[in-house]
Amino acid sequence: MSRLRPWWAIAFAFVVTLALELGLVERKSEIFGGGFGQSKVIDRAGEWALFLPGLLVAHTALILACYLVLRALHRGRAGSSLFFLNFLFLTVGGICALLVAKFEALAYFSDAMGFELVRSLGGGSLFTAALYVLDEATLLGIAAAGAALAYYICYRLVCRHAAAWRCGPDPLRWRHLLALLVLAVPLALVAHLEPDVRYGLNRFTGFSTINLGLHRLTDFDRDGYSWFSAQRDGAPFDPERHPLALDIPDNGIDEDGFGGDFHFSGAAAAAPPRLALRANPKHLVVIVLESFRGDAIGRVVAGRPVTPHLNALARQGTWVREAYSHVGFTTQSGISIFSGALEPRPGAPSLFSDLKSAGYRIGVFSAAPEDFGGISDTVGMRSSADLYVDAELLKAERAHESASLGSLALDGRIVLREFDRHFRGPADWRRPTFLYFNVQEAHFPYSHPDMPRFLPGRLAKRSEIKAANRAMVELTYWNAAAYSDWVVGQVIARLKAQGVYERTLILITGDHGEALFEEGFLGHGHVLNREQTRVPLILSDPELRVDGPVGLADYRGIVLRGLSGDAPPPPPRASVFQYIGTIDRPGVIGIVEPGGVWTTLNLETEEVGFGDTGRRVRYRELAAGSAEKARADRLVDEWARQRWLAR
C-alpha cells in the first residue's frame, strides 16, 4: 500500500508554478539578464541575497495557502487521493492559467502565428495556414478542453487505485502559513531598501500579494503611501504630508518634503500664435522618427554618413541642437509634439485642430498605431484627418511578429507606398496641406527581415542584442537610423518632384532618443540623460529662429509661428522639464538647462544627480546655500509649477 505525503504534492506545485512564473517574468521584464527598456536588474550578490529569500518565502506561502484552503473545503475527504488530485489540478492549473492571462502569453503566441501566415502566403504553407486559425480564443478553448480531459483520466485512475493508496500524516497547520507571513514582513522591509529588488519581487504573484496586504495595513492615514509603498511615507499619520503630495503655495507647509514651502512664480508659457493664413499659405510636413538620437545628425559609421539627407536639410534650414523629449516615451512625446502641452486633456487644442480650422487638408501616414496610449484621441488626429493610414490599419503587413499596439510597426516603404497612392502631383496639393509621417525603423530590435543595408558589417539578430555584443548592436541601430534618413530623403524627393517643396515647411524630429548600453542600459524612457532624451530638430526654413533649449511641447508654437510668418520668437527657455511616469506621480524628475546641463531627482531613493559632474547625493545631504542645493530646488520648484499649470 502506497503512502501519500503532502510534501510531495506541495513541492511539485511549488516547482512547476515557480518555474513558469520565473520564465514569464524574465521574458516580460528581463529582471535577471537585463535587456531593452530594463533599468532595474538583479545582477549583484547583495541583491540576490535579498531577492531569493523574499521570493521563496512568498511563493511557499502562496502554495501553502492554496493547500490549506482546499483541505478545509474537502473536510472529510481531506488527505484522500482525490484531495491531492484536486489540489494539484486546481493549484497548478489555476496559478498557471492566472500567469498565462497576466502575461498575455496566449495573445503573443497567436500574434506570432498570424504573422507567420502573412509572411508565408506566397509559399503556400498549409501548416502555417492551419496555425493561423489558432487565435487566442481557440488556444484558450483547446487548453481548457485538454485540462478537462487530463483531469478525467487522472480521476479515473485515482478511483481505480484509491484502495492501494493511504494518506500519511499531515502535520501542516494554519500556524505554519502564519509563520511564513510573519517572516515575509522583515524580508519585504529589507527588500524595499534596494529598488531593483523591490521591483523584481513585485513582478511575482506571491510577493506582490503579500506586499499589497502590508501596504494596506500600514497606510494608517489612507493617503496611498505606507511603509511598503515605492516611496515610503515619512509622515504615516498625516494625510496632508506624503511623497508626491501637491505642495500648496505659501501655506507654510512642505507637503512633499522637498524644497520647503512652495512659492508659485512664473505663469504659463504664452499661447501659440493664432494661425493667420497668407495669400499663398505654406504646406506643413511633420516627420517624427521613432527612437532617433539627437547625435545621429552628422555621425559617420564605418566611413559612411548615417544621415546624409538630414545633414543636407540641417545645412540648408534651421538645426536646433538642444531639443529634448520631456519623458523619453512615445505616448506622451507624441501628445506633446502636437498639443504643445505636457499632459493635455483629450480635446485640448492641437496642431491638428489648429490647421483643420484653418482649412488645411490633413493626412496621416504612420508606421505606428496612433491609437496607442490615446495619442490620436488626445490630439484629435483621427477625427481631423482627411487621410488616415497607420500600422493598426495595415497590421497584416507589420514588420515584426507581435500585433500588440506597443510593438506594431510598418516598414518605411509601406508608408511611402501609401503616400504615393494619394499624392501623385501638383493637383493633389491645391488646398494647403498638413502631412504627418511616423517612421519606426530605429525602434527596438533595430532591424527586421526586409530592412535594407546601408552600413557594412553584420547586424545583430534579436537574440543577439545584449551587452556582450554592444558593437554589433550599435551598428544595427545606426543602420536603422540610416534607413530612417533614407525614408526622409524619399519624402523630400517626392515633394520636390511634385513641385511643392519650396512652399512647404518641414519639421523633422524624434519622439525620444535611445541608449545603446551607455551606463549599461539599452532602450529609452527609464533614465533622464542625453542619450535617451535628446532628439534632432530640423526645420526647412532657414529664417525661422529657434533658441534652445526647447522641449517637444514647444513645437506647436514653433510651427504656427513658421506658418504665420509674422509672430516674434518667444524668449529663450531657462530649462526643459523632464519626468518619468506622470507629472503627478513621477519616479524621476529632471531639468535640462542651457548647454545640456542635467539635474535629476529620483523620488524613490531621494537621490539627486548632477549630469555635468556625475555626482549623486541624497537630497537631504545637500549643503544649505550650496550651488547644488540651489539646482535641486530649481528642479523641485519647476516640478511643482508644472503640476499647478496642469490644473
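This is a predicted model: local features need pLDDT of at least 70, side-chain atom pairs count only at pLDDT 80 or more; totals for chains, interfaces and linings use all residues.

User: How are helix 2 and helix 7 oriented to each other, roughly parallel or roughly antiparallel?
Analyst: Helix 2 spans residues 45–74 and helix 7 spans residues 174–191, and their axes lie 9 Å apart at an angle of about 155 degrees. Angles over 145 degrees count as roughly antiparallel. The two helices are therefore roughly antiparallel.

User: Which hand does the crossing of helix 2 and helix 7 have, and how many charged residues are in their contact?
Analyst: The crossing is left-handed. Helix 2 contributes residues including L50, V57, L64 and L68, while helix 7 brings in, among them, W174, L177, L181 and L187. By class, this contact has 16 nonpolar and 3 polar residues, and the number of charged ones is none.

User: How are helix 15 and helix 16 oriented to each other, roughly parallel or roughly antiparallel?
Analyst: Here helix 15 (residues 412–422) packs on helix 16 (residues 470–497) at about 10 degrees, with the axes 10 Å apart. The cut-off for roughly parallel is under 35 degrees. Helix 15 and helix 16 are therefore roughly parallel.

User: How many charged residues are in the contact of helix 15 with helix 16?
Analyst: Helix 15 passes helix 16 in a right-handed crossing. The contact is made by G412, R413, L416, F419 and D420 on the helix 15 side, and by Y483, W486, V487, Q490, V491 and R494 on the helix 16 side. These residues divide into 6 nonpolar and 2 polar, and the charged ones number 3.

User: Turning to the rings, what kind of pair do F338 and Y436 form?
Analyst: The count for this model comes to 26 aromatic pairs. F338 sits in helix 11 and Y436 in strand 10, 98 residues apart, and the pair links distant parts of the chain. Both residues are buried. Their ring centres are 4.9 Å apart and the planes stand at 75 degrees, so the pair is edge-to-face.

User: What kind of pair do F423 and W429 form?
Analyst: Both F423 and W429 are buried. Their rings lie 4.9 Å centre to centre, with 50 degrees between the planes, and the pair is tilted.

User: Which residues are linked with F423 and W429 into a cluster?
Analyst: Ring pairs do the linking here. Along with F423 and W429, the cluster holds F365, F419 and F437.

How values were computed
Residues are numbered from 1 along each chain as its sequence is written. Side-chain values use heavy atoms; hydrogens and water are left out. Axes are lines fitted to C-alpha atoms, for helices over the stretch in contact, and angles run from 0 to 180 degrees between N-to-C directions. Helices (H or I, at least four residues) and strands (E, at least two) are DSSP runs, numbered from the N terminus. Angles under 35 degrees count as roughly parallel, over 145 as roughly antiparallel, 65 to 115 as roughly perpendicular and the rest as oblique. A crossing is left-handed if the near helix is turned anticlockwise from the far one by less than a right angle, and right-handed if clockwise. Contact means heavy atoms within 4.5 Å. Ala, Val, Leu, Ile, Met, Phe, Trp, Tyr, Cys and Pro count as nonpolar, Asp, Glu, Lys and Arg as charged, and the others, Gly among them, as polar. Rings of Phe, Tyr and Trp (its six-membered ring) pair if their centres lie within 6.5 Å; planes under 30 degrees apart count as stacked, over 60 as edge-to-face and the rest as tilted. Buried means under 20% relative accessible area, exposed over 50%, partly exposed in between (1.4 Å probe, protein chains only).
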